[in-house]
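Here is a quick tour for anyone meeting this structure for the first time. Take a look at the sequence and the model, then read on.

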Amino acid sequence: MSDVQIQQFREQIQHAAASKTALSIQGGGSKSWYGNPNAHTPLLTSGFHGIVDYQPEELVITARAGTPLATIEAALAEKNQMLAFEPPHFGAQATFGGAIGAGLAGPGRISAGNLRDYVLGTRLMDGQGHDLSFGGKVMKNVAGYDVSRLLPGSLGTFALILEASVKVLPKPASTASLRCFISEARALKVLNEWAGQPLPLSASSWIGSGDANADGELTIRLAGAVAAVQSATVLMKSTLGATELDPAIAAAFWRDLREHKLDCFHALGADDALYRLALPAACPPIDFSTLASSGTQQRVLEWHGQQRWWHGPADASTQAKVKAKAIEHGGHASCFRVGSNGVEQRFTLLSDQAHSAALTAVQAQLRKAFDPSGVFATGRLP
Amino acid sequence: MNTVAPPPDLLEIQALQAKLVSALRPILAEDGLLWEPEDTIPYECDGLAAYRRMPLAVALPENEAQVSRILQVCHAMNVPVVPRGAGTGLSGGAMPIAQGLVLSLAKLKKIVDINPFTRTAVVQPGVRNLAISEAVAHLGLYYAPDPSSQIACSIGGNVNENSGGVHCLKYGLTLHNVLRVRGVLMSGEIVEFGSLAPDTPGLDLLAIVMGSEGMLAAVTEVTVKLVPKPKLAQVIMASFDDIEKGGNAVAAIIAAGIIPAGLEMMDKATTRAVEEFVHAGYDLDAVAILLCESDGTPEEVAEEIGRMTAVLEKAGASGIRISKNETERLTFWSGRKNAFPAAGRIAADYYCMDGTIPRRHIATLLRRIQEMEKKYRLGCLNVFHAGDGNMHPLILFNGADMDEWHRAEEFGTDILEACVELGGTITGEHGVGIEKINSMCVQFGEHERELFWGVKRAFDPAQLLNPDKAIPSLSRCAEYGRMRISGGKLPHPELERF
Ligand SMILES: Cc1cc2nc3c(=O)[nH]c(=O)nc-3n(C[C@H](O)[C@H](O)[C@H](O)COP(=O)(O)OP(=O)(O)OC[C@H]3O[C@@H](n4cnc5c(N)ncnc54)[C@H](O)[C@@H]3O)c2cc1C
Ligand SMILES: Cc1cc2nc3c(=O)[nH]c(=O)nc-3n(C[C@H](O)[C@H](O)[C@H](O)COP(=O)(O)OP(=O)(O)OC[C@H]3O[C@@H](n4cnc5c(N)ncnc54)[C@H](O)[C@@H]3O)c2cc1C
């Protein structure tokens, strides 16, 4: 069965290569809104599914690209394990290949690391229809270049992921979530101070309105050994006056934050955009009110402030200002999701970075090495 | 493809050397360029002394601007360049190329910036791994990846080998602990991979530079993540009277949902060799000894040590000792840490291999190695990162006896092929270098190797930065395949290769 499907992928890719057309790889296909839009013929992976290998004592799962993320997470949960980077799903259609293609991580990223950190190996099909394997199923591997790790976040513009092996982790023995209302500046200060201490911090979020001076809602998740979570809970209650959340409410909160289902993500007008800023640790509060006067201006901080979301106008001038702001602070910004009247270019271009000319050329050459005919050149990622 | 040209005659070499030296002298300080054989001989090999070659010259720049100008000159003259850190590599990655330049980054050894609030340090490539942790110890922070060579090896070398050590099971490899790398492409262009932010726009090029064995860029600055020093560490020393039980205990700990701070194993031969040397009080009757470390707050450690002890008992440990204090913890570790020098005491030479297998196959591989000891009539000590399935067999031989060296090489190659067959890889952390280049033909097929060359050309179209390392040419593999098969030695040719 899988051989037949692989042969079908090969034929579709080789046909596209011969006719010099591009293919838009689609897993669940649930989010054409993410990345630059395109109207190329889809290459569908959803029929190519199934867990190929899962050895809990090896902490590795290998699955086909079209496997629903939900299937993978259910298999892991049965063995009390998890994907520590907590990929967002957004709908039951979300696939394993799509999660890797999108390269996104949820709240756990600040303590557990990025999706890329967990990719151990991939089986992929290049733009000529070659079926290739890189990396493997073991934690340590320096044989050849780490080609697999170029794919997370490549949005289907590099190669077709057929299968991937990712590292999984045991679920923590204990978790607790705490909440308080404090200013953005204070939240950033305590979070960064605590991150420098041996405390079981696992995730954080701060949600505030457009009013830069008002307090916002800080939620902290602790995860680890029972004793460590207990003593950190005591510390945070006494330092911040925080209260502990009911476990079911806490679990729903972290899931809805990850899936952008909280109210603060909802109010997105037709002319608005949800901007995402990725920033260095300890980046001070950013005063967005100077960038625009309209919109709800809702702000959400995650990853101890290293990932920030802001609602603002989707026009090109605001977009440029947000980008400049992020670069000024040593990070970058993307127009993550746009309202119905959104601008076309949604991602930060590499040319906004210092030293970029040489790397732009390297990137272009890398693309050629994987895909000489441009089968995957959909422009979804610049 | 690989650029192994026939050797030009001596006069030509001397002329090339003179030309290179006169082009590089204006760039470097008086003592920053070496070309007399008595000066360049210390650079003829790295930690893998069996492979040696004299370079045309050795350049020792003191800053990034000089690195850039040196590479521009070599690029223009078509001279290959081998970057070098501390030279502790064990796969010949920093071995010179004939008619090439060695670019030593050892003089770039400033710690540029330490920021406790962002938990980062910016360091030059020549800074020693351990020096980073020493410099930030007063802040309660440290740099987690800890290769056993950490007193000597450089962070530039660590980036290029994606090095790891005892702690990487819990804290990750170099890849997981580096945020940004600055480097110089062969063209002389200065570039930056990664960023201080959690991700970078476009492709993740930092990931491909990690473990690239000096073939993509000369690394000139590294920004590392620092992590809080745990308040306490404690280690369990468990003995097993059977390899199978020991191997299964490793898998059982992980399956129980515990990620120890370190999980290392020594076999009986190693225990005996080190005990003579360190007198740590090891159980000399044990067939295998496991060291399982826990770190964190005192409460966390107590909880984890309790859980691990229970798993080890259930797994059939014949003896269990838990360190009572820091001195005892270090004593338990002293044997593991001194295994290499101990091997050096019991044999004239030893050959350290590096392969990784799924954890559940540890006992199988150890038994295979026992059979190979008989076949090659050479002893082998096994001491390794069990938690990662990363094996480091130390093959004992006498280098003065060429036949013994050849047998040791064959022994090593057989181990690597067994690793691939068991679903693992030919190198976990030491890199391919020149040593394992033939084994790459076993692990990867033609199209995979062709793609590796595509990656190489994207960064270095002229293929002058450490060529002939890590990625074998197609013709090399064809030749190797013939050699191995005609010798009748390729095990299980019927099996599909990984
Ligand atoms: C905050 C946040 C909000 C999100 N919101 C949404 C949302 O509203 N809706 C939503 O659907 N997703 C959303 N996502 C992301 C998404 O949920 C997950 O990443 C999901 O797993 C994608 O799966 P998919 O199969 O639906 O992806 P797809 O949309 O099919 O693909 C995602 C990308 O990966 C590429 N790709 C897919 N499969 C492969 C493959 N086999 N090989 C190579 N490239 C491939 C595609 O070309 C595409 O560029 C969000 C993520 C975050 C972080
Ligand atoms: C006793 C002993 C124990 C060891 N234990 C471990 C261990 O536990 N884990 C582990 O991972 N390794 C281990 N090693 C191997 C070795 O120490 C590591 O691979 C180390 O990272 C090499 O660093 P180095 O500075 O010595 O690099 P070198 O040996 O000088 O070079 C290694 C490679 O990196 C390239 N390189 C070096 N610096 C640069 C630079 N600035 N820019 C571009 N390329 C560069 C070289 O070209 C070469 O390919 C051990 C070695 C010894 C001798």
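Is Leu59(A) buried or exposed? With a relative accessible area of 2%, Leu59(A) is buried, because the cut-off for that label is under 20%. Keep in mind that this is a predicted model. Leu59(A) sits in the loop that links β3 (51–55) to β4 (60–64) in chain A. Its phi is near 60°, a positive value in a residue other than glycine.

Chain B has a loop residue to look at too. Ala470(B) lies in the loop between α17 (446–459) and α18 (474–486) of chain B. It isn't a glycine, yet its phi is positive, at about 60°. Ala470(B) counts as buried, with 4% relative accessibility.

Next stop, a strand residue. Thr122(A) belongs to strand β6 (residues 119–125) of chain A. At 4% relative accessibility, Thr122(A) counts as buried.

| Residue | Relative accessibility | Location |
|---|---|---|
| Leu59(A) | 2% | loop between β3 (51–55) and β4 (60–64) of chain A |
| Thr122(A) | 4% | strand β6 (residues 119–125) of chain A |
| Ala470(B) | 4% | loop between α17 (446–459) and α18 (474–486) of chain B |

What does Thr122(A) touch, leaving aside residues up to four places away in sequence? The list is Leu132(A), Ser133(A), Phe134(A), Ser148(A), Leu151(A), Glu163(A) and Ala164(A). With one of these, Ser148(A), the side chain of Thr122(A) makes a polar contact of 3.0 Å.

Now for some strand pairing in chain A. Why is strand β16 (residues 307–313) of chain A described as largely enclosed by the rest of the structure? Because seven of its seven residues are buried. β16(A) has β14(A) as a partner: the two run antiparallel and are joined by seven bridges. In β16(A), Pro313(A) stands opposite Asp272(A). β16(A) also pairs with strand β15 (residues 299–302) of chain A, again in the antiparallel sense, over four bridges. Here, Arg308(A) of β16(A) is found opposite Leu301(A). β15(A) and β16(A) make a hairpin with four residues between them, and Trp303(A) in that turn has a positive phi of about 50°.

Finally, let's see how the chains meet. How many residues of chain A are in contact with chain B? There are 70, and they meet 85 residues of chain B. Between them, the chains bury about 6500 Å², with 65% of it on carbon and sulfur atoms. On the chain A side, Lys140(A), Val142(A) and Tyr145(A) lose the most area to chain B, together 15% of what that side buries.

Across this interface there are six salt bridges. In one salt bridge, Asp199(B) meets Arg276(A), with the closest N and O atoms 2.8 Å apart. The interface also holds 20 residue pairs in polar contact.

Which elements of chain A each supply at least two residues to the side touching chain B? They are α5 (115–118), β7 (131–135), β9 (169–170), α6 (184–195), α7 (226–240), β14 (272–278) and α11 (356–370). α11(A) gives the most, with eight residues. By residue type, the side of chain A that touches chain B divides into 35 nonpolar, 22 polar and 13 charged.

Note on methods. Residues are numbered from 1 along each chain as its sequence is written. Chains are lettered from A and ligands numbered from 1 in the order in which they are written. This is a predicted model: local features need pLDDT of at least 70, side-chain atom pairs count only at pLDDT 80 or more; totals for chains, interfaces and linings use all residues. Side-chain values use heavy atoms; hydrogens and water are left out. Contact means heavy atoms within 4.5 Å. Buried area is the accessible area (1.4 Å probe) that two parts lose on being put together, summed over both. A salt bridge is a side-chain nitrogen of Lys or Arg within 4 Å of a carboxyl oxygen of Asp or Glu. A polar contact is a pair of N or O atoms within 3.5 Å; within protein, one must be able to donate a hydrogen and the other to accept it, and residues adjacent in sequence count only if both atoms are side-chain atoms. Ala, Val, Leu, Ile, Met, Phe, Trp, Tyr, Cys and Pro count as nonpolar, Asp, Glu, Lys and Arg as charged, and the others, Gly among them, as polar. Buried means under 20% relative accessible area, exposed over 50%, partly exposed in between (1.4 Å probe, protein chains only). Two strands pair if DSSP finds at least two bridges between them.
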